[in-house]
Amino acid sequence: MSNVTQSSHTPTIDQSSVPKCVRVCQNRTCKKQGAAKVLKAFAALPIPDVTVTASGCLGQCGNGPMVLVLPDMVWYSGVQPNEVSLMVEQHLLNGKKVNQMLYHRFHAQGLKL
Ligand code: FES
């Protein structure tokens with residue numbers, strides 16, 4: 001007897017088991033807005049199983065520094081170096097988005113007042 005069950009549903013990937021990757025845009029506009037310091041702040045807080053990489057333009061110029069967390073597809077905009085520790089603690093270590101930092105274009109709850 002087998003424990004394998006068959007399903008007609010499309011297989012889903014348990015995203016909690018997929019290593020996270022943080023992409024920090026280092027292209028022109030984001031760089032002018034301080035993206036290099038944001039990348040440096042991430043580098044100062046290394047997290048096991050989380051890769052932080054410099055990225056080319058993420059296509060959202062003018063809203064930077066832009067940060068994209070994969071595979072979650074969570075976008076953060078206007079990220080400041082002093083906000084990185086909050087992202088690390090809340091999102092990368094505890095799996096909760098930082099609502100007040102979300103990019104409003106892709107996450108409605110990220111509207112900044
Ligand atoms: S320069 Fe960063 S999103 Fe385009």
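**Talking through the model**

Student: Is Arg105 buried or exposed?

Tutor: Arg105 counts as exposed, because it has 11 C-beta neighbours inside 10 Å. The cut-offs are 20 or more other C-beta atoms within 10 Å for buried, 12 or fewer for exposed, and partly exposed in between, with C-beta atoms placed from the backbone.

Student: Where does Arg105 sit in the chain?

Tutor: In the segment after helix 3. Numbering starts from 1 along each chain as its sequence is written. This is a predicted model, so local features need pLDDT of at least 70 and side-chain atom pairs count only at pLDDT 80 or more, while totals for chains, interfaces and linings use all residues.

Student: OK, so what's the mean pLDDT?

Tutor: It's 88, and 81% of the residues reach 70 or more; pLDDT is the predictor's confidence in each residue, from 0 to 100. Residues 1–8 stay under 50. They also have 0 contacts beyond four places in sequence, a contact being two residues whose C-beta atoms, placed from the backbone, lie within 7 Å. Where pLDDT is low, the predicted coordinates should not be read in detail.

Student: Which strands run parallel?

Tutor: Strand 1 and strand 2 do, joined by 6 bridges; pairing needs at least two DSSP bridges between the strands. Strand 1 and strand 3 run antiparallel with 4 bridges, and strand 3 and strand 4 are antiparallel too, with 3. Val24 is a handy landmark: its bridge partner in strand 2 is Ala54, and it stands opposite Val67 in strand 3.

Student: Switching to the helices. Which residues of helix 2 are buried?

Tutor: Ala35, Val38, Leu39, Ala41 and Phe42. They cover an arc of only 155° around the axis, so they're on the same side of helix 2; the arc is taken over the directions from the helix axis to the C-beta atoms. Lys40 and Ala43, on the other side, are exposed.

Student: And what do those buried ones pack against?

Tutor: Strand 1, helix 1 (28–32), strand 2, strand 3 and helix 3. Phe42, for one, contacts Val22, Val24, Val52 and Val84, leaving aside neighbours within four places in sequence.

Student: Which residues of helix 3 are buried, then?

Tutor: Val84, Met87, Val88, His91 and Leu92, in a helix spanning residues 84–93. Their arc is 115°, so they line one face of helix 3. That set packs against strand 1 (20–25), helix 2 (35–43), strand 2 (50–55), strand 3 (67–70) and strand 4 (74–76). Gly95 follows helix 3, with a positive phi near 70°.

Student: Last one: which residues touch the most others in the largest nonpolar core?

Tutor: Val24, Val38, Phe42, Val67 and Tyr76, out of 23 members. Strand 1, helix 2, strand 4 and helix 3 each supply at least two residues, and helix 2 gives the most, with 5. A nonpolar core here is a set of buried Ala, Val, Leu, Ile, Met, Phe, Trp, Tyr and Cys residues joined through C-beta atoms within 7 Å.

Student: How much of the whole protein counts as buried?

Tutor: 26% of the 113 residues.
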